[in-house]
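The sequence and the model are shown first.

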Amino acid sequence: MVIAIVGASGAVGQELLAVLEQRQFPVSELRLFGSERSKGTKYKFHSKEYEVQLLEHNDAFKGVDIAFVSAGAGVSRTYAEDITRFGAVMIDNSSAFRMDADVPLVVPEVNAADALNRPRNIIANPNCTTIQMVVALQAIERLSHIRRVHVSTYQAASGAGAQAMKELETQYRQVLNGEEVTVNKFAYQLAYNLIPHIDVFTENGYTKEEMKMYHETRKIMHSDIRVSATCVRVPSLRAHSESVWVETERPISVQEAQEAFAHAKGCILMDEPENKIYPMPLFLSGKDEVFIGRVRKDLTDDCGLSFWCVSDQIRKGAALNAVQIAEVITNYSDVIVTL
């Protein structure tokens, strides 16, 4: 297949190259696109070198089968017509089209079939925090309908991109050396700190990041589920963590939930607190799955259940989910699609 990557030099673009190669996705031709700054940069894929082309309004996407786009919402909106007009399927990693009624928002473990109905030839990749949460929620939803979710996220620097990861490392060095701390990518110094602010605040007091989790979860799960989120940036380098509380229609036992998580596609249960076994981002960066632990009954609600989950934001939260979508629409996926 002829594959294009827009935003090839970014953290997600680089991870897309790695995931496509690792999963042996059938690529016969690869086209890389980027900004003026990254134009001419060369990257290896299957031992062959590819050069980044400048993204422009032209016919460069003619013959492309699938285009992975990870260059921000503005770029996605500006170039969507150029990318799709010759028949390419655009798998978009930005927020540009996620809530458009005629654009499917897909997490293959949850709603793979939605990817097959794409009137505009655009499929949206959800927000990273939403992706890992709905993979876990789907396991519980199969036991009993989920009415409400309260979630607090612990989001690594990776969620703000490769430069943010570098800035966090720089900040730690600067603090330890007694130097003035560089702050460009975050509202405040992140090293040795927590920042309860991701994206811009809206009129209801929630940030856009938090409202994404509300709206996207309902669309992906085709559900009336209500989600209340608090999103926090934490000084870890890569992989996001979430503390999740759910209220189901009927009481779910801890054992039921653990078995559901253990057998759910895309989930790995790590829940032996007596042996200090639970998911931690330090040890799970670079992994594909959503790791779940600390499963317990809520002490205030018989229908309440709490758990902790960790997943690599750049992989499952972005690049891997996009490639899994491509696998679904090209029949290379082992996800069972039912219409």
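## Sheets, cores and aromatic pairs

Strand β5 is covered on both faces: Ile 66 and Phe 68 are buried on one side, and Ala 67 and Val 69 are buried on the other. The model is a predicted one.

Two partners of β5 can be named. Strands β1 and β5 run parallel and are joined by 4 bridges, with Ala 4 having Ala 67 as its bridge partner in β5. Strands β5 and β6 also pair in the parallel sense, over 4 bridges, and here Phe 68 has Ile 91 in β6 as its bridge partner. Between these two strands the chain passes through α2, and this β-α-β crossover from β5 to β6 is right-handed.

These strands belong to an open sheet of 7 strands with mixed pairing, in the order β3-β4-β2-β1-β5-β6-β7. Its edge strands, β3 (42–45) and β7 (122–124), each pair on one side only. On average, neighbouring strands of this sheet are turned by 25° against each other, direction ignored. Elsewhere in the sheet, β2 (residues 29–34) pairs with β4 (residues 48–54) in the parallel sense over 3 bridges, and Leu 32 stands opposite Val 52 in β4.

A second open sheet has 6 strands in the order β9-β8-β10-β13-β12-β11, again with mixed pairing. Strands β9 (226–233) and β11 (267–269) each have a single partner strand, so one side of each is left without a neighbour in the sheet. The twist from one strand to the next averages 25°. Within this sheet, β10 (residues 240–248) and β13 (residues 304–311) run antiparallel and are joined by 8 bridges; Trp 245 has Ser 306 in β13 as its bridge partner.

| Helix | Strands | Angle |
|---|---|---|
| α2 (residues 73–84) | lies across β1, β5, β6 and β7 | about 160° to β6 |
| α9 (residues 315–329) | touches β5, β6 and β7 | about 165° with β5 |
| α6 (residues 208–221) | lies across β8, β9 and β10 | about 145° to β9 |

In soluble globular proteins, nonpolar side chains tend to be buried together. The largest nonpolar core in this model has 57 residues, and those with the most contacts inside it are Phe 61, Leu 137, Val 149, Phe 261, Ile 292 and Phe 307. Helix α4 (residues 128–141) gives the most to this core, with 8 residues. Leaving aside neighbours within four places in sequence, Phe 261 is in contact with residues including Ala 136, Ala 139 and Ile 140, and also with Ile 292 and Phe 307. A second, separate core holds 32 residues, among them Ala 8, Leu 16, Val 19 and Ile 91.

The structure holds 5 aromatic pairs. One of them is the edge-to-face pair of Phe 45 and Tyr 50, at 6.5 Å centre to centre with 65° between the planes. Both Phe 45 and Tyr 50 are buried. The ring centres of Tyr 172 and Tyr 192 are 4.9 Å apart and their planes stand at 80°, so this pair is edge-to-face. Tyr 172 lies in helix α5 (residues 162–176) and Tyr 192 in the loop between α5 and α6, so the pair ties together parts that are 20 residues apart in sequence. Tyr 172 counts as partly exposed because its relative accessibility is 24%, whereas Tyr 192, at 52% relative accessibility, counts as exposed.

Definitions and conventions
Residues numbered from 1 in each chain as written. Predicted model: local features only at pLDDT ≥ 70, side-chain atom pairs only at ≥ 80, totals over all residues. Heavy atoms only, no water. Pairing = 2+ DSSP bridges. Axes fitted to C-alpha atoms, helices over the stretch in contact; angles between N-to-C directions. Contact = heavy atoms within 4.5 Å. Core = buried A, V, L, I, M, F, W, Y, C linked by side-chain atoms within 4.5 Å. Buried < 20%, exposed > 50% of the residue type's maximum accessible area, 1.4 Å probe, protein only. Right-handed = clockwise from strand over helix to strand, strands pointing away. Phe/Tyr/Trp six-rings, centres within 6.5 Å; stacked < 30°, edge-to-face > 60°.
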